[in-house]
Amino acid sequence: MKNITKSIIALFTVFAVACSSDDVEDRPVIMPVDAPVLLAPENGNSYVLTVENATMQAERFVWSAANFDQDVAITYEVEIDSTGHDFDNPASLGSTVGGSQLSVSVETLNNAVSSVGGMAFEEGTFDVRVKASVNGTFEPMYSNVMTISVTPYVALDPELFMVGAIQGSYGLGEWDNTTAIPMRYVGNGTTKVFEAYVKVNTGQGFKFIGEQGTWDNGNYGTIGGAQDGVLENSGGSSDLKVADVDGPGLYYVRVDIDALTYKAVKMNWGVIGDATPAGWGDETPMTYDFATNLYTFTGTLANGELKMRSKNVGQAIYSEDWKFAVGNSAEKFAYDTGAPNFPITAGSYTITLSIDFDGTATVTGL
């Protein structure tokens, strides 16, 4: 019985080995034959990258197909490294399966160049190649190398806070720098420009600081109390008192820390459109209540459309009528000039508009 069992086991072993050998022999042999050839960009191309163009295409990398002697799915990856580093730790610009080109954005190229030692705003040279691989299990092939020059940027993410008596209007302790209110950053990634939509009463002063909880990381105020749009960074700087000239209201405040300047304009909002009394030619004013921070229009509207607009601020800051407008978008903002119009059916309306510190808008009555 033992001998019969041993014979059966031996028979199955021989069969299994034979099958395994057949499987191996039937498998296609994948061999690297022709490496891809990088065709574009041209050797020596130069790129000066800017944050304003971050989403635009920096370059389209193009190559010829690799040949692994079989009809297989080939993954192509574009690699970049600092010249002279021999791709010892390259960055990836992206990959594609079976393709012969790759579009690379300014932001992607900038991040890759920065990760392999590129210095912001300084031109450097970088080597680029294409890696061709199959399932990650076979030795990859690499294309020829192109050398390009790239000047990367660094995108700033600065902060600025408003501190002063105005905090009391937002349920905070006046002049408490630990709860200083964050301003909205509106710079382009290389500039330090901020804005806020803030209620200011007569006699209320405020300043700007660079960090909550301390006066030592930027302390920006007026020079000698002059309300002339000029700032200084000093513990001896004086308060801004913008409402002492134009009275209580909601003010648009814009600060340029690079230039040490500011602008403050009391916002006048109105409804505008073919549904409103003045049509699209001019705003019909809304009244403002300081306590509730509400602009209100009460009156009769016609069939048509409307928006809310603050022409006076657009003119004062940008010399453009439509820089500040609120439309019928899901999330409403004082600066969303591209939002659609509100559709109006003829009738009597009470419309209210409130604008938060960061420009977020709330509309009722429509």
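Is Phe-87 buried or exposed? Select Phe-87 in this predicted model: the residue is buried, with a relative accessible area of 10%. Phe-87 sits in the loop between E4 and E5, and its phi is positive, about 55 degrees, although the residue is not a glycine.

**Other backbone stops**

Then select Ala-40 and Pro-41. The peptide bond joining them is cis, with omega near 15 degrees. Pro-41 belongs to the loop between strand E1 (38-40) and strand E2 (46-48).

**Helix H2 and its cover**

Select residues 106-115, which make up helix H2. The buried residues here are Val-106, Leu-109, Asn-110, Ala-112 and Val-113. In an α-helix, residues three or four places apart point the same way, because there are 3.6 residues a turn. To see what covers the buried residues of H2, show a set of strands that includes E3 (57-63), E4 (75-82), E5 (91-97), E6 (101-105), E7 (124-133) and E9 (146-151). After H2 comes Gly-117, with a positive phi near 105 degrees.

**Ser-95 in strand E5**

Stay with strand E5 and pick Ser-95. Ser-95 is partly exposed, at 48% relative accessibility. Leaving aside residues up to four places away in sequence, Ser-95 touches Thr-75, Tyr-76, Glu-77 and Leu-102. Draw a distance from the C-alpha of Ser-95 to that of Tyr-76: the separation is 5.5 Å, for residues 19 places apart along the chain.

**Salt bridges**

How many salt bridges are there to display? The count comes to three. Side chains of opposite charge can pair when their charged atoms come close.

Begin with Glu-79 and Arg-129, whose closest N and O atoms are 2.8 Å apart. This pair links distant parts of the chain, with Glu-79 in strand E4 and Arg-129 in strand E7, 50 residues apart. Both Glu-79 and Arg-129 are buried.

Move to Arg-184 and Glu-195, which form a salt bridge with an N to O distance of 2.5 Å. Arg-184 is in strand E12 (residues 184-185) and Glu-195 in strand E13 (residues 193-200), 11 residues apart. Arg-184 is partly exposed, with a relative accessible area of 26%, whereas Glu-195 is buried at 3%.

Finish with Glu-283 and Arg-309, with 2.9 Å between the closest N and O atoms. Glu-283 lies in the loop between strand E19 (270-272) and strand E20 (284-285), while Arg-309 is in strand E23 (residues 304-309), 26 residues away. Glu-283 and Arg-309 are both buried.

**Surface patches**

Switch to a surface view and select Phe-121, Val-154 and Leu-156. Together they form a nonpolar patch with about 250 Å² of accessible area. Phe-121 is in the loop between H2 and E7 and is exposed, at 52% relative accessibility.

Which residues gather in a patch of negative charge on the surface? Select Asp-157, Glu-159, Glu-211 and Asp-216. Asp-216 is in the loop between strand E14 (206-209) and strand E15 (219-222). Asp-216 counts as exposed because its relative accessible area is 74%, over the 50% cut-off.

Technical notes:
Residues numbered from 1 in each chain as written. Predicted model: local features only at pLDDT ≥ 70, side-chain atom pairs only at ≥ 80, totals over all residues. Heavy atoms only, no water. Patch = residues over 30% accessible without salt bridge, like charges linked within 9 Å, V, L, I, M, F, W, Y side chains within 5 Å. Areas by Shrake-Rupley, 256 points an atom, 1.4 Å probe, with all protein chains shown as cover. Salt bridge = Lys/Arg side-chain N within 4 Å of Asp/Glu carboxyl O. Lys, Arg positive; Asp, Glu negative; His and termini not counted. Charge placed at Lys NZ, Arg CZ, Asp CG, Glu CD. Helix = DSSP H or I, 4+ residues; strand = E, 2+ residues; numbered from the N terminus. Buried < 20%, exposed > 50% of the residue type's maximum accessible area, 1.4 Å probe, protein only. Contact = heavy atoms within 4.5 Å.
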